[in-house]
Amino acid sequence: MSETVADVSALIIQTLLANPKVPRDISGSSKIVEDLAFDSLAVMNFVMEIEDSLDVSVPLDRLADIRTIDDLANCIVSLKQGD
Amino acid sequence: MSIFTKYEPLARSLAAVTNGGGRNPFSVVIDHPVSSTVGVIEGRETLLFGTNNYLGLSQSEAAIDAAIDTLRTHGVGTTGSRIANGTQGLHRQLEERIAAFFRRRHCMVFSTGYQANLGMISALAGKDDYLLLDADSHASIYDGSRLSQAQVIRFRHNDPEDLHKRLRRLDGTPGAKLIVVEGIYSMMGDVVPMAEFAAVKRETGAWLLADEAHSVGVMGEHGRGVAEACGVEDDVDFVVGTFSKSLGTVGGYCVSDQDGLDLIRLCSRPYMFTASLPPDVIAATMAALSELEQQPELRHRLMDNARRLHAGLNAIGLRTGPQASPVVSVVLDEVAQAVQFWNRLLDLGVYVNLSLPPATPDQHPLLRTSVMATHDAAQIDQAIEIFATVAREIGAGH
Ligand SMILES: Cc1ncc(COP(=O)(O)O)c(C=O)c1O
């Protein structure tokens, strides 16, 4: 029910590692665009997968401020707390 | 550091497409059209299978005559915005014609379809509202959502159940919810399940905007698009469209039964801060609309041609979308192969669109091929033959 930022980060990393093109050494501080070489469409599609696992919608305007995996995890946790 | 440094990756991608002596697919020049279906490219007559001129009306004699007559009486431009000095009697007349065609109370005409989406979406969805966009939406829809202050949520392409789930998550949040879908999607030619989306809209109390850019003049008994074909026009609150495809000219519009549409004229920046359509374009558009209305056989021929092209490309072992529609895209695996395929087609006299990721769904490169009502069977068969030759040459398909 109430996931922590660490839980959500771990889930994001697990989802990303299912994609063989993603580097194996990613962590919460990895930058999504620079370190994972995702283009804007790939970011949106991957966020959609996370949304489904966590039953949350991340508005696209929030994505603009997100750099790292931990940023995304923070954003999702605050959305889930109804912010 | 140059102001262009940030585009170095783009420059490298472009170089990868053109190295090996290939053409730049983004700067093909059609020297001049010979007819709606043939143009001169690199000095050679080339079959055009990559336009949005679905009914061939860009070359309509009636539209050309109407434009010339109107140039003589009205001049070449308006030099002003719709809300200042740029509305002439013709603009009003065009809006009435478009509204009557769609059997709607109101119509707003914009200078392009891009601006119609930008202008409607940004003005309808305010700060406390939600926009729900199909994941494969056209750039003009995404850009409109960025110009709006609304929260933007994407749902899976053509998936009403996924939309429903995302709307349920918003249960109890204040603010209007505006769903945006397209009629026919321009990359793969796939058709929206409009009745199912209309049901979600009714159940959740959301609003529905349909961009029928590629489907007006193409689908529905009277050519009003997918909403007409599915019998759910009453559920679509706003229809956006363009004159630049089946009508063969340029310009965009929104029709609606909502009286509020008149207020949008005073707050939609892409409507207010640009010059209005020139008079000859309006006259040509109205003439083309008359042809669209009076010649339903154009639509029937278009769909016959779509089926012929779709069946032919599948028969030679190429992979396309599942539905026969005026856009038939051949799906390839590798960008390099797609580039080579596209170059050889043009060498042999067939022009199609090369569409590369990330502008395509699923990261696959596409040869986006489109038919017209004015193609004859021999032209379609010849194009399929050339596709087969190139596929054999480079070992594509099965
Ligand atoms: C789905 C869709 N909407 C809108 C547009 C924009 O139309 P226009 O060419 O009139 O700007 C296009 C065409 O590019 C389109 O494919």
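Which side chain makes a polar contact with the side chain of A:Ser9?

The partner is A:Asp70, whose side chain meets that of A:Ser9 at 2.5 Å. This is a predicted model. A:Ser9 sits in helix H1 of chain A, which spans residues 5-17. Its relative accessible area is 6%. A:Ser9 therefore counts as buried, since the limit is under 20%.

## The ligand shell

The ligand is surrounded by 15 residues. The closest are B:Gly113, B:Asp211, B:His214, B:Thr242 and B:Lys245. By class, the shell holds 10 polar, three charged and two nonpolar residues. Helix H4 of chain B, residues 113-124, gives the most to this shell. The contribution of helix H4 is three residues.

B:His214 places a polar side-chain atom 2.6 Å from a ligand oxygen. For B:Gly113, a backbone N or O atom lies 2.7 Å from an oxygen of the ligand. B:Ser244 brings a polar side-chain atom to 3.0 Å from a ligand oxygen. On its own, the ligand has 400 Å² of accessible area, and the protein covers 83% of that.

## Salt bridges between the chains

Over all chains, the count of salt bridges is 28. One of them pairs A:Asp52 with B:Lys165, with the closest N and O atoms 3.1 Å apart. This pair crosses between chains. A:Asp52 belongs to helix H3 of chain A, residues 40-54. B:Lys165 belongs to helix H6 of chain B, residues 160-169.

## Salt bridges within chain B

B:Arg307 and B:Asp304 form a salt bridge, and their closest N and O atoms are 2.9 Å apart. Why are they separated by about one helical turn? They are three residues apart in helix H12 of chain B, residues 296-315, so about one helical turn separates them. B:Arg307 is partly exposed, with 46% relative accessibility. B:Asp304 is partly exposed too, with a relative accessible area of 44%.

B:Asp128 is exposed, with a relative accessible area of 57%. B:Lys127 is exposed as well, at 61%. Both values are over 50%, so both residues count as exposed.

## A nonpolar surface patch

Which residues of chain B form a nonpolar patch on the surface? They are B:Ile3, B:Phe4, B:Tyr7 and B:Leu10. Together they have about 490 Å² of accessible area.

B:Leu10 lies in helix H1 of chain B, residues 8-18. Its relative accessible area is 55%. That is over 50%, so B:Leu10 counts as exposed.

Methods:
Residues numbered from 1 in each chain as written. Chains lettered and ligands numbered in written order. Predicted model: local features only at pLDDT ≥ 70, side-chain atom pairs only at ≥ 80, totals over all residues. Heavy atoms only, no water. Near = heavy atom within 4 Å. Polar contact = N/O pair within 3.5 Å; in protein donor to acceptor, adjacent residues only side chain to side chain. Areas by Shrake-Rupley, 256 points an atom, 1.4 Å probe, with all protein chains shown as cover. Helix = DSSP H or I, 4+ residues; strand = E, 2+ residues; numbered from the N terminus. Nonpolar A, V, L, I, M, F, W, Y, C, P; charged D, E, K, R; others polar. Patch = residues over 30% accessible without salt bridge, like charges linked within 9 Å, V, L, I, M, F, W, Y side chains within 5 Å. Salt bridge = Lys/Arg side-chain N within 4 Å of Asp/Glu carboxyl O. Buried < 20%, exposed > 50% of the residue type's maximum accessible area, 1.4 Å probe, protein only.
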